Protein chains: 2
Amino acid sequence: MVSSKDVARAANVSQSTVSRAYREDGNIDPITRQRVREVARQLGYFPNFSARSLRNNQSHIIGLMLSDPNNAFFASLTKRIEEHVTQMGYRVLLTYNDENAKKERNCLESLISSQAEGILTMPVSKENEDMYRTMHNNGICAVQLLRRVYPNMNTVVVDDELGGYIATKYLLEQGHRRIIITEYKFNQLLPAKTLGYQRACEEYGIDPEPGILNLPFDTNQDGIIAGAIAGLGATAIISSTIPITMATLKACNSMGMKLPDDLSVLAYDDSEWLDILGISAITHPMKEIGDNMVDVLFRNIEARRKREQLSAENISVKPYLLLRKSVRRL
Amino acid sequence: MVSSKDVARAANVSQSTVSRAYREDGNIDPITRQRVREVARQLGYFPNFSARSLRNNQSHIIGLMLSDPNNAFFASLTKRIEEHVTQMGYRVLLTYNDENAKKERNCLESLISSQAEGILTMPVSKENEDMYRTMHNNGICAVQLLRRVYPNMNTVVVDDELGGYIATKYLLEQGHRRIIITEYKFNQLLPAKTLGYQRACEEYGIDPEPGILNLPFDTNQDGIIAGAIAGLGATAIISSTIPITMATLKACNSMGMKLPDDLSVLAYDDSEWLDILGISAITHPMKEIGDNMVDVLFRNIEARRKREQLSAENISVKPYLLLRKSVRRL
DNA sequence: TTGTAAGCGTTATCAC
DNA sequence: GTGATAACGCTTACAA
């Protein structure tokens with residue numbers, strides 16, 4: 001690799017002049033800058049970010065830690081985030097925790113060692129709290145995405161309690177009474193969507209309990225869903241993630257059920273495919289979510305640079321109902 | 001950030017001993033290593049990769065440059081790649097070129113400056129050949145993914161000519177004669193899929209020309225597709241990417257066409273949604289593709305470390321037809 | 001405006 | 001087995 005020293009030699013200037021030619025402020029004669037850059041170009045010189053990072057204590061790296069890559073919802077966020085981050089002159093280091101605390105730990109270690117200035121994370125559980133504290137102590141800004149695992153961390157979430165409520169209420173209004181809602185149960189707590197479901201059910205004087213279907217993370221979801229629908233005699237189902245929506249549709253296919261005549265389906269999280277399939281969904285203002293995530297992060301990075309202390313932000317984005325034609329009025 | 005110096009002080013050893021405690025070979029008393037690591041843990045020490053990279057001339061970074069993030073086909077590859085790369089103890093720097101040569105250039109500059117040891121790239125066009133040459137000169141290993149833009153670069157592609165041929169031949173066998181194939185035309189050349197389409201048509205003595213539908217990259221694809229179907233009186237269509245498949249299905253919806261009665265659709269690139277929708281597709285052995293990409297890359301990185309010279313590998317993975325029920329026998 | 005030199009946190013070489 | 005020290009490529013006082 002050609003270094004600034006090589007360029008300096010070739011351009012007959014000092015190494016620091018080369019450095020100056022590559023920085024905004026660098027007090028340097030425009031002519032010199034021009035000349036140095038030209039020589040550098042010919043030599044194939046590119047500044048070494050590792051060295052810069054070491055010297056400046058600024059890596060210009062943002063760590064992105066996602067959980068489940070099968071969820072198209074996240075894929076679409078990834079692009080938005082990358083775009084923003086790049087525009088700010090930062091780079092994205094991509095990691096997946098696979099909903100696994102041990103892997104999450106490895107990701108975090110790697111990101112810390114990479115001197116990431118900020119991280120956008122979907123925490124798996126409370127298990128790695130010490131890591132997040134270490135990061136905090138080291139001034140690494142963190143924003144948790146779509147999940148509120150740590151109360152004192154910056155947060156950008158969708159108001160899933162509201163989403164669950166809206167979804168359930170709509171189905172109730174359409175006359176459904178035996179409604180299934182699916183969930184993954186990570187902690188002991190009920191997911192927010194389920195909480196909203198409960199609230200709506202209780203408003204209608206319905207026992208929410210039998211409709212709550214806890215699913216395993218990776219195996220035979222459609223079989224379980226099919227069984228639950230038959231078992232409860234459900235007339236409607238709220239599928240709580242994109243992968244679960246897929247499983248639900250497969251269950252319908254295998255049982256030969258037609259939408260919305262035999263079963264009403266309301267998907268949580270939207271996808272272009274759902275539009276094609278005519279399936280109503282709880283959807284989210286993706287642009288707003290993506291923008292917020294990155295904005296909060298860089299606000300914090302900025303503040304830190306000025307040695308200001310910011311209190312944790314807590315942004316909750318409102319989901320809304322997108323009607324198509326997968327829900328039948330009873 | 002706490003550095004090895006801090007740990008050294010706290011553990012009453014020299015800084016180089018701390019360093020040794022964190023390397024495989026490091027000739028160090030196991031007891032000392034244990035003790036040092038414990039002190040480090042308490043202090044919240046993590047090795048600084050920038051410094052390591054600077055000193056070792058090994059960043060342990062792999063650059064991943066994708067084109068279109070809307071294509072779920074790539075999203076699924078991304079995860080596979082990340083998994084592999086992480087397992088090799090490397091990190092993934094994610095960039096998107098948006099099918100735009102200027103952006104591609106920025107991505108490459110960033111990756112070079114990041115000292116990436118290897119990059120997995122989907123080149124946009126020949127425009128940035130100088131960049132790729134610079135990388136080559138600097139010993140940065142590159143593998144082009146799914147496209148063969150540079151003849152002398154390592155390549156992992158799907159044999160799209162074969163895929164186009166298989167798809168077309170199947171439709172012809174089913175009695176279709178007016179078949180549309182869609183494409184994006186980046187260079188002057190016909191895409192490989194279209195070449196396969198041509199070959200099959202010619203075997204059947206059919207003029208391929210009228211069926212070739214060139215689409216713009218981002219706007220109103222479904223309108224154009226609908227127009228083309230009507231215009232040609234097509235009985236079948238091969239949609240050449242996942243986003244185009246979506247557009248095709250939208251076109252069908254808006255024209256009120258039912259599959260496969262009113263139109264036969266054969267998708268190029270598979271998706272779980274297509275399974276749900278019962279749409280036949282040309283699919284790819286994703287695992288094989290992902291594995292190959294990373295294997296080729298690390299084979300090259302390994303060779304470079306040993307100062308060996310490897311000639312460019314050229315891997316072509318065979319696609320195959322997955323029959324569902326979106327094609328009608330005429 | 002430019003050059004000199006110190007230092008960022010590592011690893012590797014060389015003594016001991 | 002351990003410690004001192006130079007060097008990696010860069011930025012930034014400070015000096016000229």
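Guide: Welcome! Two strands pair if DSSP finds at least two bridges between them; helices (H or I, at least four residues) and strands (E, at least two) are DSSP runs, numbered from the N terminus. In this predicted model, local features need pLDDT of at least 70, side-chain atom pairs count only at pLDDT 80 or more, and totals for chains, interfaces and linings use all residues. Residues are numbered from 1 along each chain as its sequence is written, with chains lettered from A and ligands numbered from 1 in the order in which they are written.

Visitor: Which residue of β2(B) stands opposite Val92(A)?

Guide: Leu94(B) does. Strand β2 (residues 91-96) of chain A and β2(B) run antiparallel, joined by three bridges.

Visitor: How many residues does the contact take from each chain?

Guide: Residues are in contact if their C-beta atoms, placed from the backbone, lie within 7 Å. Here chain A and chain B give 38 residues each. Of the interface residues of chain B, 100% are also interface residues in chain A, so the copies meet through the same surface.

Visitor: Which residues come nearest to DNA strand C?

Guide: "Near" asks for a C-beta atom, placed from the backbone, within 6 Å of the strand. Of the 25 residues around DNA strand C, Ser14(A), Ser4(B), Ser19(B), Asn48(B) and Ala51(B) come nearest. The largest share of that surface, five residues, comes from α4(B).

Note on methods: Contact = placed C-beta atoms within 7 Å.
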